Amino acid sequence: MKDTIKLGLVLLLVTSIAGGILAGVNSITSPVIAERQRMESLSAILELFPDADDSVEYDEGQIAEISASYPSIREITEVISDGETIGYAITTVTGGYGGDITTLVGVKADGALAGIKVLVMSETPGLGARIVDEPAFAESFQNKGAGGSVTPSGEGAGEDEVMMLSGATVSTNAVVKGVNEALDAFANYLSN
Amino acid sequence: MKISTIFKNGIIKENPVLVQLIGMCSVLAITNTVENSLAMSAAVIAVLLLSNIVISSIRKLIPSKIRIPIFIVIIATFVTMVEMFMEAYAVDLYRSLGIFIPLIVVNCLILARAESFASKNGVFISAMDGLAMGLGYSIAIIALGTVREIFGSGSFLGMSLFGENFQAAAVFVSPAGAFILLGIIIGIFNVTIKNKATN
Amino acid sequence: MDGKVIDPTSNDTVVLDDMLIVSLSPHIKSDESVKRTMLDVIIALVPAMIGSVYFFGFDAIRLLLVTVVAALIFEYGIQKLFKKPVRIMDLSAIVTGILLALNLPAGTPWWVAAFGAAFAIIIVKEFFGGIGQNFMNPALGARAALVASWPGIMSSYVNPDGISAATPLGILKAGEGNLPAIQSMIFGDIGGVIGETSAILLLIGGVYLIIRNVIDWKIPVLYIGTTTVVLMLLGVDSSNLIFHVLGGGLILGAFFMATDYASSPVTPKGKMIFAIGCGLLTALFRVKGGLPEGVSYAILLMNVATPLIEKFTRPKVFGEVK
């Protein structure tokens, strides 16, 4: 019994020292990390909304309410320019062919898409990975969706049509699913 | 024990990857590019060196009944430090290595050196052992990373080698291809360097 | 040299066959040899080869030449390097080369085909001990490596008229596009790898192999039967079943790949389990998987399961008490 307590105390000592050291390191690195993350999410938003000068992130409670009906939505950021809301940057996560695909969907205040940016994906190189490698794919979303949703079809030339990557149906549909949920959520929750 | 023997053991006779085949998880997963291999090498050498030094310097104070938990706590501390520094100052590497940084904690190479070497030897010689084993690990995964990047992506350190029209064999980017190439490397290592060194 | 010859000019008293096919007793003496067996397989593949050349023209000739020549060169080279007797005359490398070519889309570049031959011969076959020792079908192993490496090239099928087209199974999977007519699938006027398009030419070869006793009829029949039954159980519309049987690689796989001696079980019961397993997996992959086709992965997986199947189907020694 006495032995157990002694061993426990030794272990406690070791773990406390380790914890103390880590706390010290963390206090050095965490501000650097937080600053970098903020810059990254801002720069992605700036790609979609070049005029943006400010942004407000929705808090978890509001997002939880929205993602109850639109499960692929993870984050929502209101994009502001000159004090006016010019749109929303909505992060969606949908299941692709090789794993989850994270897409940042920019919805303008008039309900059309400012654009999209696939942030994280692990699709097959040469097929599904073209959602990132072919800039024309993301470009085909720009200014579409004013009618409330987009459909993949051919080169995506028609109204509210986006590019269908041949041989990458699953990846295309995954991105489109996220985009359409974002458009729906915008129409039902954010536009007014 | 002579320092040259320690290095010969770590790099050739008991090479952790090519002879002992330990720590395979990260070896197969992250060696898809030379850059990742270099970063992983640096992380493993740092953790191995530091944990060997600390463990050998407090080896007489550690009660033998709880030595393994204490080793793990020490190793985990260094791994977490490496991870936090990487996330702060080398974020691209942090992203491409991903989960395999925290998994260094359970890389049996590090615990094996703590248990079988650092807990029984002096500080200097343990540091040398950490360095030697870390170098052996690094040489093997950099070799594997080089071959995988050249065949699997057609590049070396991110520089394209064969021009635009070259389509590399993506199978070597996947862990399955890593298995095959590692087998070939071990075969070549056995018939050339290792057999000469042991005879 | 047909195996059992005693060569009077040599000091060897008996020249053993190039390969011993180990099977269960009773052992019956025949003039069977590796070379003869391989020759039979090549003969059986001739109709399909002629068909592929007829439908895909120069592309098919090019692919067949590249894979066969490359397979022979790599086999010769690696056997020299490993200081093993050179056995390219046993024709097995030629069979591997032909099967690999028949498993490629017509537009495959020559270097992809050559890489496939190298992978099949060096990694799948010779690394594991050469003929008779390979744990999976070399041509299929190579195909899997090629699909993993160049998925774009390996899934861009062309119709015999040179226009890019989806395979019948691809059309079924996507749920859009026009399915071909049934006679097109029988004769081969559909999209696919060069050797799988014509059902009738493959069947002619398959029947030849069964008559020559090279393969056991139970394997292809059970394989194709199981696939059909499981597809029905999985709710595939009965009017689509014909496309599953004729429109993909099922016939090529069932007659020429699943019957490979080295990578399928030797026991009679094991052979049946193997065929049923292939059928089950093929149907599951096609319906539940992400890709339209599943024959090659089904056979590869069952190849890997072969030692286990053999272990559990080993017949009891007469009089053995459990």
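Predicted model: local features only at pLDDT ≥ 70, side-chain atom pairs only at ≥ 80, totals over all residues.
**Notes on domains, contacts and cores**

1. Residues are numbered from 1 along each chain as its sequence is written, and chains are lettered from A and ligands numbered from 1 in the order in which they are written.

2. Back to the two domains of chain A: 5 residues of domain 1 are in contact with 10 residues of domain 2 (contact: C-beta atoms, placed from the backbone, within 7 Å). On the domain 1 side there are 4 nonpolar, no polar and 1 charged residues (nonpolar means Ala, Val, Leu, Ile, Met, Phe, Trp, Tyr, Cys and Pro; charged means Asp, Glu, Lys and Arg; the others, Gly among them, are polar).

3. Between chains, 15 residues of chain A are in contact with 15 of chain B. The chain A side has 11 nonpolar, 3 polar and 1 charged residues.

4. Now the cores. The largest nonpolar core has 135 residues, and B:Val47 and C:Ile98 have the most contacts inside it (a core joins buried Ala, Val, Leu, Ile, Met, Phe, Trp, Tyr and Cys through C-beta atoms within 7 Å; buried means 20 or more other C-beta atoms within 10 Å of a residue's own, all placed from the backbone). B:Val47 touches B:Ile75, B:Phe78, B:Val79, B:Val82, B:Ile104 and B:Ile110, leaving out residues up to four places away in sequence.

5. Another core, of 41 residues, lies apart from the largest one; A:Ala129, A:Val162, A:Ala168 and A:Ala174 are among its members.

Methods:
Buried ≥ 20, exposed ≤ 12 C-beta atoms within 10 Å, placed from the backbone.
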